Amino acid sequence: MSRSASRTADALNRSAKRFMRAHPNQALRLPDAGETWVARDHGLGEAPLQEFRERDIIYVVGRTRAGGDARSAVNEWQTNPRAAAWIESHIEGFTRTPCGCSAGVRTVKRGSLFTCTADDCDARFSRLVAEAVVQNRGPVMGQGARGP
Ligand SMILES: [Zn+2]
């Protein structure tokens, strides 16, 4: 545990921030710092879980069998307090896309067709809508942030 504890004192690295920005829907599922949780209670799959772990966004604090298959224990996790604070100030204020995802915008067909960055969403919208989402993001994102 001491290894994890000392890691949380470090600033979030660029890779962690980039990953959370690119996967806001997953980042928003992370519980607040100080809570101990298991992945299935928060709809987090194995793939994002490992991505978060590799970037020190979350860390293992123990193992539990509670509620699951008695033979297979699962990891208990905590969210890095710095990651939780970053998510609060940078992601929770995201303007939602028309599909209802809290996500960014991605090009499907350059200049005319767009979708959101959520992996499991196949909504499509026009350039005008995409521009509105992107333009609204700055001020909205800034609301929760303190300083630059
Ligand atoms: Zn979407």
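Here is a short tour of ring pairs, a hairpin and some cysteines.

First, some ground rules. This is a predicted model, where local features need pLDDT of at least 70 and side-chain atom pairs count only at pLDDT 80 or more, while totals for chains, interfaces and linings use all residues. Residues are numbered from 1 along each chain as its sequence is written, and side-chain values use heavy atoms, with hydrogens and water left out.

**Stop 1: the ring pairs**

Rings of Phe, Tyr and Trp (for Trp, the six-membered ring) pair if their centres lie within 6.5 Å; planes under 30 degrees apart count as stacked, over 60 as edge-to-face, and the rest as tilted. How many aromatic pairs does this rule give? The count is 2.

Select Phe19 and Phe52. Their ring centres are 5.3 Å apart and the planes stand at 90 degrees, so this pair is edge-to-face. Phe19 belongs to helix H2 (residues 14-22) and Phe52 to helix H4 (residues 46-54), so the pair links parts of the chain 33 residues apart. (Helices are DSSP runs of H or I with at least four residues, strands are E runs of at least two, and both are numbered from the N terminus.) Both Phe19 and Phe52 are buried, meaning under 20% relative accessible area; over 50% is exposed and in between is partly exposed (1.4 Å probe, protein chains only).

Now pick Trp37 and Trp77. This pair is stacked, at 6.3 Å centre to centre with 25 degrees between the planes. Trp37 sits in the loop between helix H3 (24-27) and H4, while Trp77 is in strand E2 (residues 74-79), 40 residues apart. Trp37 has 4% relative accessibility, so it counts as buried; Trp77, at 2%, is buried too.

**Stop 2: the hairpin**

Show strand E3 (residues 105-109) and E4: they run antiparallel, joined by 4 bridges. Strands pair if DSSP finds at least two bridges between them. Click Thr107 and look across to Phe114, its bridge partner in E4. Between the strands of this hairpin are 3 residues, and Gly111 has a positive phi near 85 degrees.

Next, select Thr115 in strand E4 (residues 113-116). Thr115 is buried at 1% relative accessible area. A polar atom of its side chain lies 2.6 Å from the backbone oxygen of Ala123.

**Stop 3: the cysteines**

Finish with Cys116, buried at 0%, and Cys121, buried at 16%. How many disulfides are there, counting cysteine sulfur atoms within 2.5 Å? The count is 0.

Definitions and conventions:
Disulfide = S-S within 2.5 Å. Polar contact = N/O pair within 3.5 Å; in protein donor to acceptor, adjacent residues only side chain to side chain.
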